[in-house]
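Here is a short report on one protein chain. Look at the sequence and the fold first, then read on.

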Amino acid sequence: MMKVQISDWDTPFENDEVHILEVIYSYSEAEFQHKDFGVYAFTSSIGQDYSFVVRILVPKSGEIYSVNFSYVCGYRVMDEVGYAYLAQHTAKAERRLTTVKVRQHPWAQESPGLFDASIKDGWSFLILSGDECVEVVSPVEPVIQKENTLRPEHRSIS
């Protein structure tokens with residue numbers, strides 16, 4: 001078994017705590033045909049330039065970002081076991097990174113065709129929140145856009 005490799009992925013929030021708000025996978029436009037019910041055509045609610053979007057909140061600043069992929073070969077959203085395995089490998093010195101590139105991990109070994117044929121050098125993009133993560137296999141680095149800044153409500157949390 002090869003050793004998991006982690007590489008820097010510079011993002012505006014790579015050293016901050018984040019919370020994953022949404023994961024959206026969609027075609028920009030599509031038609032689905034059904035022999036009994038006809039043709040359904042729709043346009044995606046997300047921008048036509050992107051087929052996969054991860055929206056995150058950075059609590060420290062209240063900023064919301066969208067991580068926009070124009071093309072994806074595969075993705076997964078994980079919690080618990082899958083997350084714990086990848087999170088332990090992202091530790092650098094005494095800090096945990098929020099965004100990294102990863103390769104030679106179990107998913108790459110389970111699906112070598114996905115990684116070898118789809119992306120350069122076998123790297124995928126990983127976003128880790130406090131208790132879940134999203135991994136995206138894409139040959140193109142995503143476009144990161146700052147959406148807005150939220151102010152927290154001041155109320156007691158039970």
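A residue is called buried when its relative accessible area is under 20%, and exposed when that value is over 50%; in between, it is partly exposed. By that cut-off, five of the six residues of strand 12 (residues 132-137) are buried, so the strand is largely enclosed by the rest of the structure. Keep in mind that this is a predicted model.

**The chain as a whole**

The chain has three helices and 13 strands. It counts 158 residues, and buried residues make up 39% of them. Take the contacts between residues at least 6 apart in sequence: 67% of these join residues at least 24 apart. The chain exposes about 9800 Å². Carbon and sulfur atoms supply 48% of that area.

**Strand 12 and its partners**

Which strands pair with strand 12? Strand 7 is one partner, running antiparallel to strand 12 and joined to it by six bridges. Here Asp 79 stands opposite Glu 132 of strand 12. Strand 11 (residues 124-128) is another partner, also antiparallel, with four bridges to strand 12. In this pairing, Leu 126 has Glu 135 of strand 12 as its bridge partner. A hairpin of three residues links strand 11 to strand 12.

Two elements each give two or more residues to the patch: strand 2 (19-25) and strand 7 (74-79). Val 77 lies in strand 7. Its relative accessibility is 46%, so Val 77 counts as partly exposed. In a regular strand, side chains alternate between the two faces of the sheet.

**Cysteines**

How many disulfides does the structure hold? The count is zero. Are Cys 73 and Cys 133 buried or partly exposed? Cys 73 is partly exposed, because its relative accessibility is 26%. Cys 133 has a relative accessible area of 0%, so it is buried.

| Residue | Relative accessibility | Class |
|---|---|---|
| Val 77 | 46% | partly exposed |
| Cys 73 | 26% | partly exposed |
| Cys 133 | 0% | buried |

To sum up, strand 12 is largely enclosed, with five of its six residues buried. Strand 7 is joined to strand 12 by six bridges, and strand 7 also gives two or more residues to the nonpolar patch.

Terms used: Residues are numbered from 1 along each chain as its sequence is written. This is a predicted model: local features need pLDDT of at least 70, side-chain atom pairs count only at pLDDT 80 or more; totals for chains, interfaces and linings use all residues. Side-chain values use heavy atoms; hydrogens and water are left out. Buried means under 20% relative accessible area, exposed over 50%, partly exposed in between (1.4 Å probe, protein chains only). Contact means heavy atoms within 4.5 Å. Accessible areas come from the Shrake-Rupley method with a 1.4 Å probe; for residues, only the protein chains shown count as cover. Two strands pair if DSSP finds at least two bridges between them. A disulfide is a pair of cysteine sulfur atoms within 2.5 Å.
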